[in-house]
Structure formats: structure tokens, C-alpha cells
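Biologist: Let's walk through this model together, beginning with the side chains and ending with the surface.

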Amino acid sequence: MAEVEAQFQAAKAVLLETSTDSKLNLYDHLTECVARVLDERPKNAADLLEEISCTIKKEKLHLKTDTLLDEPQPSAEVDLAVKQKNLFEKSAADEDTEVDEEVGVPFPNLHESSHYFEMGGIGISKEEYARVLLALKKLTVTHPLSSVRFWGKIFGIEANYYIAEAEYQEGEGEEEEEEEQPAQDQSHEDDQQDDGDEDNEGKQEDVLPKPDWKPPPTIPKEPNKTGTNKKTFFACNEPNGDWTRLPFVTPAHITQARQIRKLCTGRLDAAVTSFPPFPGDECHYLRAQIARISATTHISPANYYTFDEEDDADDDEAVRDSYIVNPDFDGLRAAELVDDSLTNWCHHVQCILPQGRCTWFNPVQKAEDEFEDEEDEEEKEQPEEPEPETGPQLLSSIAEDEKVDHMPAWSCRLSSSLVPQYAVAIVSSNLWPGAHVFGFNKTFENIYIGWGLKYQSGSFNPQLPPSVQEEFPVGADVIEAIDPTTEQEQALWAAQREAQEQQEEEEEPDDEDEDD
């Protein structure tokens, strides 16, 4: 009996050995298989032994990874809906405002404009137009505007700009101009204080000479609601974002923007690195480009606008800067608007002079006023009177525009040649690619969608830096002489001796005559 007991224990020990892979032993596994057969009592248990064994192993299998489903990530559509949720919500101001059907909407019907631009293959998608329309409505709630329209879209490297053109109500929109004036006064006071400090230092130290050169007079910017600042512009990167009012444009911004070629980054506070240096950030550069594009590409059907007769009677020689809608305008057919003569379209925005203003400013007049304030009695040369700058008048025909690289400044076409009776006229600028206008009968609209750059046939060559200034005038009296050679010195000495001997010989006869 003892021998049989030993063999039994040895066999049981073999069955109790744990597997290195599954961490199970055969003894326990067979016990569970037999127990499962006795509990379930299946038919043909001998045939199902392998299946029962596999089932028991699967039940004991423990995965290292969590079997819970991960939280689903929101799709791009959901993210877009969350960002644009505020466009579809009514603010407290909207709920308190009662809708008056007699009051005109201060912004145009973008759905209609998008339809006609889509007919010509121009513009953005209808969904984007809808978001822009809601953004413009939001702008009218937060600002006291009398009118607003979608000016266009300017592409950027990091983000794009949506531009809104607006006009403030009477007496509104003057905050920026009032804020800039104290800053200028403060800077003037600082300059005077610096001058006073320099005078005090000069009493103790040697007074340095002051140059006679004076910088040219600064050309002032045009007042609000006139010239290049007639309209107010707002910009944002997305329709659901906040609108940012762009600053007033100055002549310095426009003149410098004409000399550089720069892509926008999409950040209004970004620095504009260029040569010549641009006097401002990207918000000033963007505003200058908008002014240039508007002055060149905003057109309307001829005779749609007309000058007010009362303004003509007041001053016939003054530059006209305003107009009214012509009540007698009957409209023009699309076929007439695409005439190659281009006489049926005209500019309704004032041109910008080379000075950077729509109305010329005499810088000599300002210099003379400063001269009168001085107490110096010395006579000074009067500056020459500059010739006033002139440009095309308001409501001038686009047929007078200069050609662009041997091609007309504008291209005209119908939106459809198959069904011309239902087509609209599409006019595109060749000088500013991206500027378009559609028109038919009494309806028209301007838009710009592009990079904000002017057409250029060749590659852009930046302006070269000025030459290095000379330290002093170069002349014969300041140039170091070259040391003579030995032969030259000997020849010079020989010539000097010969001249001296000749002079002595000439003096000897004179001495003999005196002795006689």
C-alpha cells in the first residue's frame, strides 16, 4: 500500500505543475472540466471535451487592456458648431429691440449677392456667406452703425481676414481720433522737455553744433468721414470671432505701402518687417491696402450716382467728394455692362493722390506758418511752391484707366453665354486680382477676395538701401601723397641745384655793374 500511495502522490504532483504561459495546472483544469460535465450533463460529452476545456480557459483569461469604450472625440462638424453657436443665439440687446419693418436693414442682402457672384464663379460658399451675414448682424448690435456691408476677404499666411465696411451714425465713431490727439500733445511736451534738458546740459558742457537740415513737414491724415477715412473698417479672422476696428489710415501708411510687397500673417499686432520701414503694425498695413483697393476697384454703373445740384451751386471749383443716388436712373442691361468700351462703369470712390490723400495738402503752407511764429529777423529763403497734385475726378469712367502690362485694366464677361438673357455682367480688375463686381439693371455689388497684392508682371525687386554717407569731402588737400623713390629724389635734388646755380650766375653780372 505504501508503494501505491507514493506513486499516486508522484502522479498528482505532475498534474499540479503550473504552466509558465497560462499560469494554470492540469489537475485543477481537469477537475473543472469534470465538474462542468457533471453539472451540465451534455450529450456526447466525450466529443465536447475539447470545447468545454477551451471555454473554461477563455473564462479565466484576463486582458491587460481596459475593455471599456473610449469617449468618442467630437468631429470637425461638432467643433465648428460649437464655435459658431454664438452666431445663432440672441443677445439681450436683440430681445429688447422691437423689429420695425419700416426701418431699412443697415446691411445688404448677402444671400442675393452670393447667388449672383456664384453665377459668375466668384465668391465664397453659401454657408460662409450665411455666417458672415450673422456676424455683420452681430456687429450692428455692438456698434451704432448706420450702414454696413461685406467688403471682402483677404488671405493670410496663418489666418484670413474678413473685412466689413461700415459707417457710424451721426456723432459716433470719434473716439479714436480724440484718443490720438492727447498722445500727440504728450509727445510734443516730451520733446520740449528733452530740449530743455539739452539746454541745461549745454551750459555746463560745450554746445554741440546743430544741423541746418529739417525733416520735411508731416502730411496730416484726413479727418474722419472724409477722403481715405470716409468709411470705417472692421476685421476678424473668423465670422464667429470678435470684430476689431481698424485704425485711421495716414498718408505715411499709404505711401510706404506702395513701396513694399508683403503678405499678411493674420495677426493684427504682427510687426511689418520691410524696407523701407513701414511705420506701423499689420493692422495699419491692412488698412492701407484696403484704402488702395477700394479707391481703384470700387465701381458702379454709369449714372447710377450723380452729384447733388446744391453742392455744385455752392462751390464749382471744389473737389467733389460726395454724391447721391440718381432717381432718374433706369438701369442697364447686362449686355450693355459688358461692352468692351467700358464706358458704362465709373469709379464712385475718390482716387488717392501720390501724396497719400484724396485731397491735396500744401506742405509749404504749414512751413510758412511755422516761420511766422519764429522771432528770428534774419532773412531766409522762401521754399518753392509745389505744384498741386491732381487725379481722376469722382464718378469718372473706368475707360480712362491706364493699361496694365499691355492689357486693359478691366475684363468684362457674362456669367453665362448659353442663357445670356438670364445672365449677369461680371467685371474683374486686372490691376488688383481678386476685385470683382456684378451688375444688371439697377443691381450691383463689389467684392474683393485675394491676397491684397497688386498685379506685377515680373518679380518684385525691393528698394535698395541708400549709399553710405561720406565722413568728409575727398580732395587733393586731404589725400596722402605717395613717397617718392630714390631716383625721383636724386632727380629733384639735381634740378634744384641746377636752378640755384643758374640763379647765382644771373646775379654775378649785376654785382659787377654795381662795382663799376
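Biologist: How many salt bridges does a search of the whole structure find?

Modeller: The search finds 9, where a salt bridge is a side-chain nitrogen of Lys or Arg within 4 Å of a carboxyl oxygen of Asp or Glu. Please keep in mind that this is a predicted model, in which local features need pLDDT of at least 70 and side-chain atom pairs count only at pLDDT 80 or more, while totals for chains, interfaces and linings use all residues. Residues are numbered from 1 along each chain as its sequence is written, and side-chain values use heavy atoms, with hydrogens and water left out.

Biologist: Which residue does Glu167 form a salt bridge with?

Modeller: The partner of Glu167 is Lys231, and their closest N and O atoms are 3.3 Å apart. Glu167 belongs to strand S2 (residues 161-168) and Lys231 to the loop between H8 and S3, so this pair ties together parts that are 64 residues apart in sequence. Helices (H or I, at least four residues) and strands (E, at least two) are DSSP runs, numbered from the N terminus.

Biologist: And is Glu167 buried or partly exposed?

Modeller: Glu167 counts as partly exposed at 27% relative accessibility, and Lys231 is partly exposed too, at 26%. Here buried means under 20% relative accessible area, exposed means over 50%, and partly exposed lies in between, with a 1.4 Å probe and protein chains only.

Biologist: What about Glu40, where does its salt-bridge partner lie?

Modeller: Glu40 pairs with Arg36, with 3.9 Å between the closest N and O atoms, and both lie in helix H2 (residues 26-40), 4 residues apart, about one turn of the helix. Arg36 is partly exposed, with a relative accessible area of 22%. Another pair is Arg333 with Glu336, whose side chains meet at 3.5 Å, N to O. Returning to Arg36 and Glu40, salt bridges that share partners join these two and Glu59 into one network.

Biologist: Switching to the sheet, in what order do the strands come?

Modeller: There are 8 strands in an open sheet, ordered S4-S3-S2-S1-S12-S11-S10-S9, and the pairing is mixed. Strand S4 (244-245) and S9 stand at the edges with a single partner strand each, so one side of each is left without a neighbour in the sheet. Two strands are said to pair if DSSP finds at least two bridges between them.

Biologist: How many bridges join S9 to S10, and in which sense do they run?

Modeller: Strand S9 (residues 410-414) is joined to S10 by 5 bridges, and the two run antiparallel; Trp410, for instance, has Ser429 as its bridge partner in S10. On from there, 4 bridges join S10 to strand S11 (residues 435-440), again antiparallel, and Val427 has Val437 as its partner in S11. S11 and S12 then pair in the antiparallel sense over 6 bridges, with Phe444 in S12 as the bridge partner of Gly439.

Biologist: How many residues of S10 are buried?

Modeller: In strand S10 (residues 425-429), 5 of its 5 residues are buried. In a regular strand the side chains alternate between the two faces of the sheet. Both faces of S10 are covered, with Ala425, Val427 and Ser429 on one side and Ile426 and Ser428 on the other.

Biologist: Backbone next: which peptide bond is cis?

Modeller: The bond from Phe275 to Pro276 is cis, with omega near 0°, and Pro276 is in the loop between helix H9 (251-257) and helix H10 (282-297). Most residues other than glycine have a negative phi, and most peptide bonds are trans. Lys225 takes a positive phi near 65° without being a glycine, and Asn441, in the loop between S11 and S12, has a positive phi of about 55°.

Biologist: Last topic, which residues make the nonpolar surface patch?

Modeller: Phe472, Val474, Val478 and Ile479 make a patch of about 410 Å², with areas from the Shrake-Rupley method and a 1.4 Å probe, where for residues only the protein chains shown count as cover. Patches are made of residues with over 30% relative accessible area and no salt bridge, joining like charges within 9 Å and nonpolar side chains (Val, Leu, Ile, Met, Phe, Trp, Tyr) within 5 Å. Val478 is in the loop between strand S12 (443-450) and H14, and counts as partly exposed at 47% relative accessibility.
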